[in-house]
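Hi,

Here is the structure I promised to pass on.

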Amino acid sequence: MKLHIEKSRRFVFVLLVMLILPSMILAQTRQVNFRHLSSSDGLSQNRIFDITQDQDGFIWIGTEDGLNRYDGYNFEVFKTIPGDSNSLADNFSSVLLVTKDGTLWSGGDFGGLSRYNAESNSFTSYTHIHSDPNSMADNNINSLSENENGNLWIGFENNGFDYMIVNEEKFIHMKNMLPKNYPLERDEVIFVFEDRQNHLWVGAYGKVHYFNISYNSAGIPQLQPVKIRNQNFKNPVTAIEESTDNQIWIGTDGEGLWKFVRDNLTLDKFQFKSENDQAEINSLSISAIESDSKGNIWIGSRVFSLVNELDITTTKLYKLNTVNDDFQKYNLDPKNESGLRTSGVLSLHSDETGVLWIGTGLGGVRVYDESLTKFTSYLANPTDNSKFSNAIRGFYLDQENVLWIASQGDGLVSYDRESEKINFYKNNKNESYLNQFQLCYINL
């Protein structure tokens, strides 16, 4: 049957069957394609801890074996060169930051902090020196954040956090900024982050710390703790993000996604419309949160299970639209070459064009450009007993913006494009009507 699609034509359906509405489910599957970048493309290593973009548009990728700069075509890899003080401090590039003046910083897992000097294509490094109490507190860096003055907050694996006065190359240790005997339960700081309202957030095991910041005459921060509701957790907090509308989002290890309400200084667990979605998020280890310019919050996770005495991680990626609360999932698809085929989302970055860069635990980088996704597929659910067919014979869009779809011998579907409501109609087998759905139309 030839299908005519012209704005000047209208079609009239003649339905020659008795229609009933069965209990069917249509599975909506978004056809999302991810571009894949891995060691076969020149990436130095496939475990991706952080991704950022500099002011020249280069994408920087921190791996377990080197820092990578990507220009859209090729990778340039920076590594530690023994005996060269101008090389990268640590091949294990665990955290990246581009400051307001365009400077790239790389925090290592063992070797300290490196500042990239673009003009000389070299690095200046800062490390902890046991004999120097004024040096950086630790070489194992978990977190980097910039303050309003262009200085750095540095969170460590073992020794709290420092404040770096960049122009003086001076490090202020945590104990010199906090009130005396202030309890940070453990020395490990998962994140330290200054928001746009110039408050400091410190994520640790079991608690989120929130501080007002002032500075003394020497420019040293003085942190005043502010008690907020629901700041204690059973498990570690794992990630923090400030969205474009200045909302603070916090991810946890198995306790859901939380949002800060500034009016009453409360961390509230974000409630999803679906109880199933809520339960799924609450069971996740949220490893990364990223906001984009469209008001979306992207959530990356790792889900652990014990299989044959081995830890297996499963990729989960979610998109939450904070404007309409729309919630989408992008699951692991090992059979799809352009899907999320690898396990574990470790990092997320939305670049200046809205392209999402996804750092994985084993498979390099996945790149998702939503502007290239032109189609949404609607497929019959293979687990549904009604066995609705995916073989389509014709379409008709009526004046109410309802799309009518005729299948190959299995009935009729109506899809309201505004409400996204889907209804299904099939022949009543108990009546003596045609079993084969007949679609007739007249061109007017």
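Let's start with a definition: rings of Phe, Tyr and Trp (its six-membered ring) pair if their centres lie within 6.5 Å, and planes under 30 degrees apart count as stacked, over 60 as edge-to-face and the rest as tilted. A quick word on the source: this is a predicted model, where local features need pLDDT of at least 70, side-chain atom pairs count only at pLDDT 80 or more, and totals for chains, interfaces and linings use all residues. Residues are numbered from 1 along each chain as its sequence is written, and side-chain values use heavy atoms, with hydrogens and water left out.

Now the aromatic rings. Searching the whole structure turns up 27 aromatic pairs. One of them is Trp201 with Phe260, an edge-to-face pair at 4.9 Å centre to centre with 85° between the planes. Trp201 sits in strand β18 (residues 199–215) and Phe260 in strand β22 (residues 257–261), so this pair ties together parts that are 59 residues apart in sequence. (Helices, H or I with at least four residues, and strands, E with at least two, are DSSP runs numbered from the N terminus.) Trp201 and Phe260 are both buried, where buried means under 20% relative accessible area, exposed over 50% and partly exposed in between (1.4 Å probe, protein chains only).

Phe272 and Phe327 have ring centres 4.7 Å apart and planes at 50°, so that pair is tilted. Phe272 is buried at 9% relative accessible area, and Phe327 is buried at 16%.

Next, a sheet. Four strands form an open sheet in the order β9-β10-β11-β12, with antiparallel pairing; two strands pair if DSSP finds at least two bridges between them. β9 (93–98) and β12 are the edges, each with a single partner strand, so one side of each has no neighbour in the sheet. β9 pairs with β10 (residues 104–108) over 5 bridges, in the antiparallel sense, and Leu97 stands opposite Trp105 in β10.

Most residues other than glycine have a negative phi. Asn121, though not a glycine, has a positive phi of about 55°; you'll find Asn121 in the loop between β11 (113–117) and β12 (122–126), partly exposed at 35% relative accessibility. Glu169 also has a positive phi, near 50°, and lies in the loop between β15 (161–165) and β16 (170–173).

Cheers
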